[in-house]
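This report describes selected elements of secondary structure and their surroundings. The sequence and the model are shown first.

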Amino acid sequence: MFEGGKSRFERVVRAFSTELYRYAYWLCRDRFVAEDLVQETFARAWQAWEKLQDENAVKAWLYSILRNEHARLFERKRLDRDDEQDLGEIPDTVSSNPHASLEIREAIHSLPQSYREPLLLQVLGGFSCSEIAGLMGISEGAVMTRLSRARLAFRQLPGWDVMTRKKAS
Amino acid sequence: MNCMELRRSLLVNPRLRDGDLQTHLAECAACSAFARQMESLESRIEEAARVPVPEALDERVLLRQSMRRPARFAMLALAASITLAVGLGILVVHERGPGGGEIVSGVALGSEHPAVAAISYVLDNEPQLLEEGRRGDPAVMRGAFARLGLNLPANGVTVRYLGKCPVVPSGTGEHVVLDTPVGRVTLILVPEQPFTSPVVVADRDKTAVARAVRTGGYILIADSLKNARQIEKMLM
């Protein structure tokens with residue numbers, strides 16, 4: 001099926017599908033659309049696989065494709081969404097404190113997209129400010145400002161210090 | 001590094017621990033507490049951002065890629081043919097006779113005819129879609145049935161799959177798979193793009209009926225014409 005690049009492509013799918021899905025979810029906040037975005041991302045990646053020069057850049061490349069696919073999707077049609085319902089739909093299977101986790105999700109959700117995206121690229125993708133700047137097409141300084149403001153927004157949450165103490169203990 | 005610089009750095013990256021920063025933290029209790037708080041908050045954000053991922057997502061991605069080339073061909077053919085049918089009124093084959101009608105072969109109509117392309121789309125894509133078990137919005141499906149003036153069969157009929165049909169232009173098509181007493185049938189509902197004339201076509205062991213209703217049309221794919229007719233009676 002994938003001829004020469006099959007095993008390499010498979011490895012990349014297995015390595016990055018999870019984090020790409022999470023990133024996609026926070027971009028569109030719809031589980032089904034998020035999976036479609038991941039599928040389309042890998043479809044496009046496979047089509048251009050031979051053009052990939054630097055294998056070390058594959059992760060940033062995939063994120064970049066996904067961002068573009070998301071933008072294309074939302075250019076084509078605006079998805080009607082019930083945001084609160086979406087957050088409620090996320091089963092909390094990993095959190096040690098589901099209530100606090102929901103509050104944080106709501107806070108992530110309520111961030112402006114321009115703050116949320118660099119934050120998620122850093123937290124989920126592990127990208128540096130310079131890499132985020134490259135992905136988003138903005139300056140590194142702008143990324144740093146947005147990351148700071150995003151985290152300052154969390155500090156405005158009622159009881160955020162209590163939440164962090166619980167986590168630390 | 002002073003306190004302000006340290007706090008600015010940690011707001012950008014709470015995991016940062018370079019030499020200057022470490023030195024300052026060792027000497028400043030207030031900043032040390034701030035750093036612990038920020039790190040704890042960061043763990044909370046990470047935890048919350050890691051939403052559950054659908055099981056076997058990577059397997060589905062790989063499976064979809066392995067099926068994509070033939071499937072995409074059929075999808076493109078169906079999209080193109082529906083567009084042509086709508087834009088140029090290309091459906092010219094008429095049914096003949098009450099309840100029976102003349103069945104046209106897929107070869108005679110060509111692979112780009114909507115009914116023929118629909119059969120290919122179903123055969124090439126449906127197994128994968130059924131395996132994924134995705135379910136669309138039942139309210140949207142009921143709305144599509146209503147707009148076309150069709151009854152959603154109830155007795156002994158189960159909706160096996162429900163989703164958007166990606167090949168219908170403008171994303172208005174619904175793809176419905178029904179398990180019925182006469183076997184499995186597929187309905188592609190096209191509520192806003194009418195076909196000009198009904199047609200029955202047999203191709204690759206399937207029979208497809210394409211019919212205009214109200215403001216749009218549907219393509220029904222079944223194992224035989226007899227089964228297709230029975231389902232159509234239930235729809236009307």
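**Basis of the description**

Helices (H or I, at least four residues) and strands (E, at least two) are DSSP runs, numbered from the N terminus. This is a predicted model, in which local features need pLDDT of at least 70 and side-chain atom pairs count only at pLDDT 80 or more, while totals for chains, interfaces and linings use all residues. Residues are numbered from 1 along each chain as its sequence is written, and chains are lettered from A and ligands numbered from 1 in the order in which they are written.

**Chain A**

Chain A contains nine helices and zero strands, giving the order α-α-α-α-α-α-α-α-α from the N terminus. Contacts are pairs of residues whose C-beta atoms, placed from the backbone, lie within 7 Å. Of the contacts in chain A between residues at least 6 apart in sequence, 59% link residues at least 24 apart.

A residue is buried if 20 or more other C-beta atoms lie within 10 Å of its own, exposed if 12 or fewer, and partly exposed in between, with C-beta atoms placed from the backbone. By this criterion, 33% of the 169 residues of chain A are buried. Helix α6(A), residues 113–123, is largely enclosed by the rest of the structure, because eight of its 11 residues are buried. These are A:R116, A:E117, A:P118, A:L119, A:L120, A:L121, A:Q122 and A:V123.

**Strand β4 of chain B**

In chain B, six of the eight residues of strand β4 (residues 183–190) are buried, so β4(B) is largely enclosed by the rest of the structure.

Strands pair if DSSP finds at least two bridges between them. Strand β3(B), residues 174–180, runs antiparallel to β4(B) and is joined to it by seven bridges; two residues lie between these strands, which form a hairpin. B:V177 has B:T186 of β4(B) as its bridge partner. β4(B) also pairs with β7(B), residues 216–222, in the antiparallel sense over five bridges, where B:I188 is partnered by B:I219 of β7(B).

Definitions and conventions: Two residues are in contact if their C-beta atoms, placed from the backbone, lie within 7 Å.
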